Each structure stands twice: as C-alpha cells, then as structure tokens.
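This report describes selected side-chain contacts, helix faces and surface features of a protein model. The sequence and structure are shown first.

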Amino acid sequence: NCWYLPFSCVWFGVCVAFCLLSAQMSRAMIELLGSRLVKPTSDLQSLEPCFTKDVLKGKTILGLYFAAYSSAPCVKFTRVLTEFYAQCRAKGVAFEIIYVPFDRTSSHYVDFFFTMPWLAMKWGDPKIEEVTSKFGVRGYPSLLLVDQNGELLTNAGRECLTSDPTGQGFPWRGVRKSRLTEFVQTYNVYLWILLIVVGRWVVTWIWEFLCWLWR
C-alpha cells in the first residue's frame with residue numbers, strides 16, 4: 001500500500017487549496033462591501049449589524065440591489081424581486097441579496113428596507129459609493145449579480161427577471177444592459193422634464209391651432 005500515502009497527500013493538498021481559494025473569494029467580497037451589513041430586528045423596530053463573512057458563507061451568487069424609496073419603479077420591482085428571492089430560498093439556491101441604498105434620507109431608507117427580506121449596506125456608508133463606482137451603476141432600480149469573487153455575472157438583473165420571472169436562465173451569466181437602457185436610466189429625470197416641456201408645447205400649439213380654425 002505504498003501508493004496510498006502519496007495519493008493521500010495529494011488529496012489533502014487539493015482540499016487545502018480549495019478551502020484557501022474559498023476563503024480568498026470571501027475576503028474579496030468583504031473588502032468590497034465592508035465587514036458589516038445590517039438587517040432588521042425581529043420586531044421590525046430597528047436595525048442590527050451582522051458580519052458580512054457570515055452572510056456570504058456558502059453563497060455562490062450575490063445580488064446587489066440599487067434602489068431608492070422615492071422611486072415608484074423601485075417600489076414596484078422590489079415586490080417582484082421579493083417573490084423571486086422567496087422562490088430561490090425555497091429551492092435552496094445559494095443566493096443572497098444586498099440592498100445598496102440610494103435613499104436621500106435615513107427615514108426613507110429604513111421604511112423601504114423594512115419591506116425587504118434580505119440584508120443591506122448601512123445608509124451613509126462610504127462603501128456605497130465604492131460599490132456604485134466599481135460596477136458603473138448610473139441609475140436605479142438596478143440589480144447586479146456577482147459571484148463569490150466579486151466578478152460581474154450580469155448588470156441586467158432587473159431586465160432579465162422581468163422577462164424571465166421564473167428564473168429559468170438564472171443567474172443570466174454574460175447578459176449585459178443595452179446602451180439604450182443605460183442611457184434611459186442615467187438620464188431618466190431629464191427625459192421626463194424634456195417630455196413634459198415638449199408635451200406642453202405640443203398641447204399649446206394644438207390649442208392655438210384649433211382656436212385659429214374656430215375664428
């Protein structure tokens with residue numbers, strides 16, 4: 001049985017390397033999100049901190065959800081995402097979501113976060129800007145999916161879930177937002193202002209034209 005000893009050593013080395021690689025992946029995500037996140041207390045009266053390393057333990061897919069309470073599309077999509085999240089948990093999918101808040105006030109942040117079943121970055125955390133900048137997020141709601149190493153799987157999670165509500169293609173690896181979608185999300189407010197101004201001008205012009213006809 002002389003062959004057994006070197007085989008055991010090789011197998012032990014492989015296991016150690018795998019454990020070290022897994023730990024390295026977790027460290028990458030901790031550096032990205034910070035060492036602590038927050039979650040609601042059981043009575044939904046306050047928030048309590050939790051360690052990022054505990055949240056990510058055993059998770060292979062992480063969703064970064066960029067949203068704000070003041071946005072109606074965010075409120076609507078949160079309901080859709082909540083249902084999908086519950087389905088994933090029921091199936092035992094190693095999937096977790098982290099809310100990255102764009103809320104303007106802490107009260108809006110707390111009120112909105114209490115409607116979510118996952119975890120969040122703390123409001124005002126400087127890491128929020130780092131995460132946003134790293135993935136080039138320009139608008140919300142946006143759902144990004146990353147792996148344990150922080151590598152981007154898709155930046156079009158919202159669009160993918162909307163078109164694939166059962167998640168048959170989850171985690172939609174390699175799917176990217178179109179340039180048109182990024183443009184609309186980036187300049188959403190300005191497009192609405194432009195639409196209102198142009199719409200008002202068109203209505204005024206039509207009204208003046210009708211008045212001219214009735215003279």
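Asp43 lies in the loop between β1 and β2; helices (H or I, at least four residues) and strands (E, at least two) are DSSP runs, numbered from the N terminus. With a relative accessible area of 46%, Asp43 is partly exposed. Here buried means under 20% relative accessible area, exposed over 50%, and partly exposed in between (1.4 Å probe, protein chains only).

## Basis of the model and overall composition

This is a predicted model, in which local features need pLDDT of at least 70 and side-chain atom pairs count only at pLDDT 80 or more, while totals for chains, interfaces and linings use all residues. Residues are numbered from 1 along each chain as its sequence is written, and side-chain values use heavy atoms, with hydrogens and water left out.

The protein contains eight helices and seven strands. Of its 215 residues, 34% count as buried. Among contacts with a separation of 6 or more, 58% are accounted for by residues 24 or more positions apart, contact meaning heavy atoms within 4.5 Å.

In helix α4 (residues 106–113), the buried residues are Tyr109, Phe112 and Phe113. Viewed down the axis of α4, these buried residues fall within an arc of 95 degrees, so they line one face of the helix; the arc is that of the directions from the helix axis to the C-beta atoms. The cover over the buried residues of α4 includes β1 (36–40), β2 (47–51), β3 (61–67), α3 (72–91), β4 (95–101) and β5 (119–120).

Helix α5 (residues 127–135) has Ile128, Val131, Thr132 and Phe135 as its buried residues. Down the axis of α5, its buried residues fall within an arc of 95 degrees, so they line one face of the helix. The face of α5 turned away from that buried side carries the exposed residues Glu129, Ser133 and Lys134. Just after α5, Gly136 takes a positive phi of about 65 degrees.

## Salt bridges

A salt bridge is a side-chain nitrogen of Lys or Arg within 4 Å of a carboxyl oxygen of Asp or Glu, and by this rule the count comes to three. One of them joins Lys127 and Glu130, whose closest N and O atoms are 3.5 Å apart. Both residues lie in helix α5, three residues apart, about one turn of the helix. An α-helix has 3.6 residues a turn, so residues three or four places apart point the same way. Lys127 is partly exposed at 21% relative accessibility, and Glu130 is partly exposed at 43%.

The side chains of Glu96 and Arg89 meet in a salt bridge of 3.8 Å, N to O. Glu96 is buried, with a relative accessible area of 5%, whereas Arg89 counts as partly exposed at 43%. Glu48 and Lys39 form a salt bridge through their side chains at 4.0 Å, N to O. Glu48 has 32% relative accessibility and counts as partly exposed; Lys39, at 33%, also counts as partly exposed.

## The buried residue Thr154

Thr154 is found in strand β7 (residues 152–154) and counts as buried, at 0% relative accessibility. A polar atom of the Thr154 side chain lies 3.0 Å from the backbone nitrogen of Ala156. Leaving aside neighbours within four places in sequence, Thr154 is in contact with Leu143, Leu144, Leu145, Cys160, Pro171, Trp172, Val175 and Arg176.

## A nonpolar surface patch

Val198, Trp201, Val202, Trp205, Ile206, Trp207, Phe209, Trp212, Leu213 and Trp214 make a nonpolar surface patch of about 1,200 Å². Patches are made of residues with over 30% relative accessible area and no salt bridge, with like charges joined within 9 Å and nonpolar side chains (Val, Leu, Ile, Met, Phe, Trp, Tyr) within 5 Å. Phe209 is found in helix α8 (residues 188–213) and counts as partly exposed, at 39% relative accessibility.

Terms used. Accessible areas come from the Shrake-Rupley method with a 1.4 Å probe; for residues, only the protein chains shown count as cover. A polar contact is a pair of N or O atoms within 3.5 Å; within protein, one must be able to donate a hydrogen and the other to accept it, and residues adjacent in sequence count only if both atoms are side-chain atoms.
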